[in-house]
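Subject: Structure handover

Hello,

Here is the structure you asked to look at. Please open it first and then read the notes below it.

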Amino acid sequence: MVIFFQQVLNGIMLGAVYSLFALGLTIIYGILKIPNFAHGALYMWAGFTSLFLVINFHTNYWVSLLIGMAVLGLVGVGIERVVFRPLREQPHINSFIGAVGLIFVLESLSLIVWGPDFRRFPPLYDQTFNIFGVTITLERLLVIVAAILFIILLQLFIKRTWMGATIEAVAQNPEGAQLVGISIDRVSSLTFGIGIALAAAAATLIAPVFLVYSTMGDMPNLKAFVIIIVGGLGSIPGAVIGGFMLGLIEALGGGYISTDYKDIFAFGILVTFLTIRPTGLFGKGVR
Amino acid sequence: MNPTVRKWLFLAVLVVAVIIPQLITNKYYMNILIMSGIWAIVTLALNLILGYTGQAQLAHGAFFGIGAYAAALTMLKLNLNFWLALPFGAAVAGFFGLIIGLPALRTKGSYFAIGTMCFNIIVTLIIDRWEGLTNGSRGLMGIPGFAPIPLPWVGEITFKTQAAQFYLVLFFLLLTIFILRRTIQSLVGRSFRAIRGNEELAEALGIPSTKTKLLSLIISCALAGMGGVLYASYIGFLSPDQTDFRLGFNFLIYILIGGIGTMIGPIIGTLLIVTLPDALQVAADYRMFIYGIILVFMIIYMPRGIMGALQDLSNRKRS
């Protein structure tokens, strides 16, 4: 039973990070209707940026997390402006190709700038807690708490602030939003910035637990796509529920069934899921 | 371009292609040409479902790899002749196209694109982990090459020289073009394009959309599988990398650079992208970087690729 709870806890940690990552992807899809395939590459850059700050300037971990979010958020705004805005009126697949081009640029640039080595964050906290035999490090606990905090903050931003309301308005009805004077361009920039900043937060949160390297974003990227497809493209609750679901399934499946085939679960779920419900849990169908 | 000019141009290119192996003696360049021929077959196959039917299928690497592995395993374990393994590999890939198409084609747009991509990842993971059958990440070695064709009285045609291998690949490239042209110009091909244009409208006109898309997918997958078999026998080695979804991205990129939904575009795109980096002698680290920038630039300013840009030019001249 202890092993079970240990795995559940690991699953929750993984799920929290997956959710955060997938949230960014799903709000970007909701507004711009593009599958931002370069999300994982930007996530990787965030990991390196925070690591650079912590190691070279001895910045506090949480400060470097916020700086990483801000820097990558700005990069996201720039990318939206330069690459995705001109592609908005073109067929879907073109934005996808644009994103694939961005992956090439970002990953090769990271090899040039940061090198091919696997890097490790200096350990942050070494306390561990023991609750009924289940051990958890403070580090992992903080990952969970911080990720959930960011999810709540995003929800509050969208539901309670005027700026967040414009995002929801455009997601629901772009023409109607334009009619009442909301600038689609502005909302697109804002959404992209926030989406990438969330991925940056996810990267810095998980980096001390795992490692930092140039392809660290590849698997989370693919899994996040699974999550938002299962949750329904553009759906915020879908991304959160899907993220935690996947984290738990992976941790339990890896613990009880087979670690070899751990990565297959995610993609297997997706394919079975799509055959049963082609538009995801909360999806509204495709235009 | 009017049909006669087009015919002559095609003949001229064909003559050049036939002469080329006699002119180029450098083994390295010949290898690049043969490889581009194989990639062109797979790229053309993808263009049928992507360019002509409008379905963003992102599992082409898997179908290429399934064809390659199916043929390689039957050749290695059952001693099947290359000329039997080739149709077998293509058939297996086509069969997988059917199996995957049935559930996947229920979905549309991005769901279809990402769903097929996930299928590709599953295939790669299974091939990587199923060591007993596929030898896992160490890969399959010593796959038999192109078998000679016995001819009565004269002897046999062998494929030992690079020139002969080049002609073999060229033959299959022409066969692919022939099959695709006949498909596209037929009534079925018209229904493919009708679905690309407007699926609801096509259905209203009595075109069974799922069945039609499935047919396009199966043909596309079988041809990709055929390309895979050629690759396996030419290189003689297969590993899970040859089924990776990024491979499918390469084909997608060749199509977009050359011109989507055209017959010549994908071939030009393949030749250009496969040969150019070697011609430019760029350092590998910077190659992907430059490549990515070109890709982003092209997709923004020349979304219909080289063929599209040429068409626009000739239209402008006429008007």
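Start with helix H2 of chain A, residues 39–57. At 1.5 Å a residue, its 19 residues should span 27 Å, and the end C-alpha atoms are 27 Å apart, which agrees. Of these 19 residues, 15 are buried, so H2(A) is largely enclosed by the rest of the structure. Please keep in mind that this is a predicted model. Its scores are ipTM 0.80 and pTM 0.84. For chain B the average pLDDT is 86, and 97% of the residues score at least 70.

**The ends of the helices in chain A**

What comes just after H2(A)? The residue there is A:His58, with a positive phi of about 50°. A:His58 has this positive phi although it is not a glycine. Its place is in the loop between H2 and helix H3 (61–84) of chain A. A:His58 counts as exposed, because it has 9 C-beta neighbours inside 10 Å and the limit for exposed is 12 or fewer.

A:Lys33 is another residue that has a positive phi although it is not a glycine, here about 55°. A:Lys33 is found in the loop between helix H1 (2–32) and H2 of chain A. With 18 C-beta neighbours inside 10 Å, A:Lys33 counts as partly exposed.

Helix H4 of chain A covers residues 92–114. H4(A) is mostly covered, since 17 of its 23 residues are buried. After H4(A) comes A:Gly115, whose phi is positive, near 85°.

**A strand residue in chain A**

A:Thr128 lies in strand E1 (residues 128–131) of chain A. Is A:Thr128 buried or exposed? A:Thr128 is exposed, because 12 other C-beta atoms lie within 10 Å of its own and a residue with 12 or fewer counts as exposed. Leaving out residues up to four places away in sequence, A:Thr128 touches A:Thr135, A:Ile136, A:Thr137 and A:Leu138. A:Trp45 is 83 residues from A:Thr128 along the chain, and the C-alpha atoms of the two are separated by 29 Å.

**Helices of chain B**

Helix H3 of chain B (residues 60–77) packs against H5(B): their axes come within 9 Å and cross at roughly 35°. The crossing of H3(B) and H5(B) is left-handed. Which residues meet there? On the H3(B) side they are B:Gly61, B:Ala62, B:Gly65, B:Ile66 and B:Tyr69, and on the H5(B) side B:Phe119, B:Asn120, B:Val123 and B:Ile127. Six of the residues in this contact are nonpolar, three are polar and none is charged.

B:Thr74 is also in helix H3 of chain B. It counts as partly exposed, with 18 C-beta neighbours inside 10 Å. B:Thr74 touches B:Leu80, B:Ala85 and B:Phe88, again not counting residues up to four places away in sequence. B:Thr74 and B:Ala85 are 11 residues apart in sequence, and their C-alpha atoms are 6.8 Å apart in space.

B:Tyr301 has its place in helix H13 of chain B. B:Tyr301 counts as exposed, with 9 C-beta neighbours inside 10 Å. Between B:Tyr301 and B:Gly145 there are 43 Å from C-alpha to C-alpha, for a separation of 156 residues along the chain.

**Where the two chains touch**

How many residues of chain B are in contact with chain A? The contact involves 33 residues of chain B and 38 residues of chain A. On the chain B side, the elements that give two or more residues are helices H4 (82–104), H5 (109–129), H11 (245–258) and H13 (284–301). H5(B) gives the largest share, 12 residues. By type, this side of chain B divides into 24 nonpolar, five polar and four charged residues.

Regards

Definitions and conventions: Residues numbered from 1 in each chain as written. Chains lettered and ligands numbered in written order. Predicted model: local features only at pLDDT ≥ 70, side-chain atom pairs only at ≥ 80, totals over all residues. Contact = placed C-beta atoms within 7 Å. Helix = DSSP H or I, 4+ residues; strand = E, 2+ residues; numbered from the N terminus. Nonpolar A, V, L, I, M, F, W, Y, C, P; charged D, E, K, R; others polar. Buried ≥ 20, exposed ≤ 12 C-beta atoms within 10 Å, placed from the backbone. pLDDT = per-residue confidence, 0-100. Axes fitted to C-alpha atoms, helices over the stretch in contact; angles between N-to-C directions. Left-handed = near helix turned anticlockwise from the far one by under 90°. Expected span 1.5 Å × (residues − 1).
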